[in-house]
Each structure stands twice: as structure tokens, then as C-alpha cells.
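User: Please examine the structure shown here and answer some questions about it.

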Amino acid sequence: MSAAEQVAAQIPGLPRDRHGPVFKAPWEAQAFAMAVALHGRGLFTWPEWAATLAEAIGRAQAAGDPDTGDTYYRHWLSALEEIVAAKGAADPATLARYSTAWQRAARRTPHGSPIALAPEDFAAS
């Protein structure tokens, strides 16, 4: 069983079809892959991940998220950022810096092209 299949089997609520996890956009698959890779490197256990993800979903629901499944990977990404910071792999300021850089790179990238970060994406605003 592949790592992705193992994750799919262990995470309740993970959007999937009969072939495994399904993604609406490339960034969802990338967030999924990052979580699998960080788990594989021992940053967190699956029970820790499940608890962090459940907390992120709970916070979103408390804030009015209708929980229709459309925002599942937004919660996944939020949980990923949270657990990475909690485990000391990156601090919140670094995560914010990369998020801002990614948004800048995404704005200048033509639709359908891969997004690539450049040094200017990290410049102070």
C-alpha cells in the first residue's frame, strides 16, 4: 500500500473516490503530499495530524464554514501550517513570508503555467 493510500485509509473525511484521494486543484495535492512527506520524516504522527486537522475544521465550522467539503483542503493547509509551527519546523513569521511570496508569484503567473517563486517575491511590501 502506498503512503497516499495509507493516509487515505487513516484520515476520516478525506475526499476520495474508488482510486484514492481526489483533488480539485494542484495545490490540494501538494498540501496532501507535504503532509505525507512530513509524516514520513517523523515530524508528527497520524493521530497528532488527525487531532490538528479536526481542530482546524472545528474552528472553521465555529466561524461559519458550512462544511460542504469544498473547503476541506483549506483546513488541511491550515492544519499543516499549524503543526509545522507547533513542532518548530518553521515559525509563523516564516510561514507568513512564504505565503505572501507565493501569492505574489501566483498573481504574475499566467493561467495554466507552473508557479515559481523568485527572489523578488520575498521583498518587503
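The questions and answers below concern a predicted model.

User: How are residues numbered, and which confidence limits apply?

Analyst: Residues are numbered from 1 along each chain as its sequence is written, and side-chain values use heavy atoms, with hydrogens and water left out. In this predicted model, totals for chains, interfaces and linings use all residues, whereas side-chain atom pairs count only at pLDDT 80 or more and local features need pLDDT of at least 70.

User: Is T109 buried or exposed?

Analyst: T109 lies in the segment after α5 (92-108); helices are DSSP runs of H or I with at least four residues, numbered from the N terminus. Buried means under 20% relative accessible area, exposed over 50%, and partly exposed in between, with a 1.4 Å probe and protein chains only. Because its relative accessible area is 16%, T109 is buried.

User: Which backbone oxygen does the side chain of T109 reach?

Analyst: Contact means heavy atoms within 4.5 Å, and leaving aside neighbours within four places in sequence, T109 is in contact with P114 and I115. At 2.5 Å, the side chain of T109 reaches the backbone oxygen of A105.

User: Which residues does A105 touch, not counting residues up to four places away in sequence?

Analyst: A105 is placed in helix α5 and counts as buried because its relative accessibility is 0%. Not counting residues up to four places away in sequence, A105 touches I115, A116, L117 and D121.

User: Which element supplies the largest share of the lining of the largest pocket?

Analyst: A pocket is an open set of points on a 1 Å grid over the protein atoms alone, where a 1.4 Å probe fits, with protein on both sides within 12 Å along at least five of seven lines; lining residues have an atom within 4 Å of a point. Of the 28 residues that line the largest pocket, the closest to its centre are W27, Q30, M34, L77 and W102. At least two lining residues come from each of α2, α4 and α5. The largest share, seven residues, comes from α5.

Conventions: A polar contact is a pair of N or O atoms within 3.5 Å; within protein, one must be able to donate a hydrogen and the other to accept it, and residues adjacent in sequence count only if both atoms are side-chain atoms.
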